[in-house]
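Below are some notes on helix packing and on a few individual positions. Please read them alongside the coordinates.

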Amino acid sequence: MVFTDALRAMAVKELSDKLKSKWVIVITLVFAFFTLIIAYFGSVSSGVVSFTNMSATIASLTSLAVYFIPILSLTLGGGIIADERDRHTLDLYMASPISVFEFLAGKFIGLAASLTIPIIVGFCLPGFILVIKAGPGSFASFLMFVVNSIFLGIMFLSLSFLVSVLIVERSKSIAFTVFLWLLFTILYDLALVGMLIVTKGVLSPNVFSILLMLNPVDVYRILNFITIGQFSVILGLASVELPSFMSRYVLWAVNLFWIVTPLLISYFVFKRKYLK
C-alpha cells in the first residue's frame, strides 16, 4: 500500500472528525468501565470477587465484545458514503485529483484508527491492574485478547464499507448494518445449533468447524478460547470440540479474508457506480 499525501490527509481528517466529536473518548470510557467491572466480578459464579482470574475475565469480556464491537464498527462505517453524498462533498471528491483507492483507503484507515484507539486504551488501562494482580504470566493472553478485538472491529468495519457503497441511502444502510449485526451475533449461531439438533450428530466436526469460520464473530470467539487454553466452543446448549486444523494461524488468515474481501468488492463497486 502506498501512503500518498491524499490518502494520509483523508485518514487524518476522518480520525480528527471522530476525536472532535468525542466519539473516541466516550467509547474508551465505556470499554474501560465494563472491563473494570467484568475483571473484578468475572469470577463471582465461583464465589470469588477479585482481579486475579485472567481466563474468566477474558471469557466474560469476549461475551461482551462479540455484541458491542460489531455494532460499533457497523454503525461507524455504514453511512460513510451516504454522509458524503448528503453533505454534497462526494462529487467534490470525485472531481478532485484523488483516486478511488486513496478516497476509500484513507477513510478506512482513519475510521480503523478511531476504533482501535478506544479498544487499546479502554481495555489496556484496566488490563494493567488485572495483569499486576494476576501475575506477569497473564500478560500475553490479555494482549492477544486485545489484538483479537482489534481484528474483530476491523472485520466489521470492512463489512460496513461494503454496505455503505452498495446502499447509498443512510437510513437503509444503517438498517441493513443492524440486520448484519443480528445475523452474525445471534441468528447464525442459532441456525448452527438448530442444524446440530436436526442432523442429530450426522454433521462431522470438521464440516461444522468450517461453518464456524464463515462467521467473523465465531472466529473471534474461538481465537480467544484458544488463547485461554480452551479448545471447545460453546454455542447455546451445545459444546463443539475444535479440530486440529483450526489453529491460531488459520483463524488469523480467515480474519484477513474478512477484512480484505469486502474492501476489494467495495473498491470495484464504487468505481462502477460513481465513475461511469
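1. In α3, residues V66, Y67, P70, I71, L74 and T75 meet I174, T177, L180, W181, T185 and I186 of α8, contact being heavy atoms within 4.5 Å. Helix α3 covers residues 54-77 and helix α8 residues 170-199; helices (H or I, at least four residues) and strands (E, at least two) are DSSP runs, numbered from the N terminus. By class, this contact has nine nonpolar, three polar and no charged residues. Here Ala, Val, Leu, Ile, Met, Phe, Trp, Tyr, Cys and Pro count as nonpolar, Asp, Glu, Lys and Arg as charged, and the others, Gly among them, as polar.

2. On provenance: this is a predicted model, in which local features need pLDDT of at least 70 and side-chain atom pairs count only at pLDDT 80 or more, while totals for chains, interfaces and linings use all residues. Residues are numbered from 1 along each chain as its sequence is written, and side-chain values use heavy atoms, with hydrogens and water left out.

3. The axes of α3 and α8 are 10 Å apart and the packing angle is about 155°. Axes are lines fitted to C-alpha atoms, for helices over the stretch in contact, and angles run from 0 to 180 degrees between N-to-C directions. The two helices α3 and α8 are therefore roughly antiparallel; angles under 35 degrees count as roughly parallel, over 145 as roughly antiparallel, 65 to 115 as roughly perpendicular and the rest as oblique. The crossing of α3 and α8 is right-handed, the term for a near helix turned clockwise from the far one by less than a right angle (anticlockwise is left-handed).

4. How do α6 and α7 pack? Helix α6 (residues 100-134) and helix α7 (residues 139-166) cross at roughly 155°, and their axes come within 9 Å. So α6 and α7 are also roughly antiparallel to each other. Their contact has 19 nonpolar, five polar and one charged residues. The crossing of α6 past α7 is right-handed.

5. Helix α2 (residues 23-41) packs on α6 at about 30°, with the axes 8 Å apart. That angle makes α2 roughly parallel to α6. Contributors from α2 include W23, F31 and T35, and those from α6 include P118, F123 and L130. The contact divides into 16 nonpolar, four polar and no charged residues. The crossing of α2 and α6 is right-handed.

6. The largest nonpolar core has 68 residues, and F103 and F123 have the most contacts inside it. Such a core is a set of buried Ala, Val, Leu, Ile, Met, Phe, Trp, Tyr and Cys residues joined through side-chain atoms within 4.5 Å. Helix α7 gives the most to this core, 13 residues. Leaving aside neighbours within four places in sequence, F123 is in contact with F31, T35, L61, I69, P118, F142, F145, V146 and S149.

7. Beyond neighbours within four places in sequence, S160 is in contact with S73, L74, G77 and G78.

8. I259 belongs to helix α11 (residues 248-274) and is buried, with a relative accessible area of 10%. Neighbours within four places in sequence aside, I259 is in contact with F151, I154, M155 and S158.

Notes:
Buried means under 20% relative accessible area, exposed over 50%, partly exposed in between (1.4 Å probe, protein chains only).
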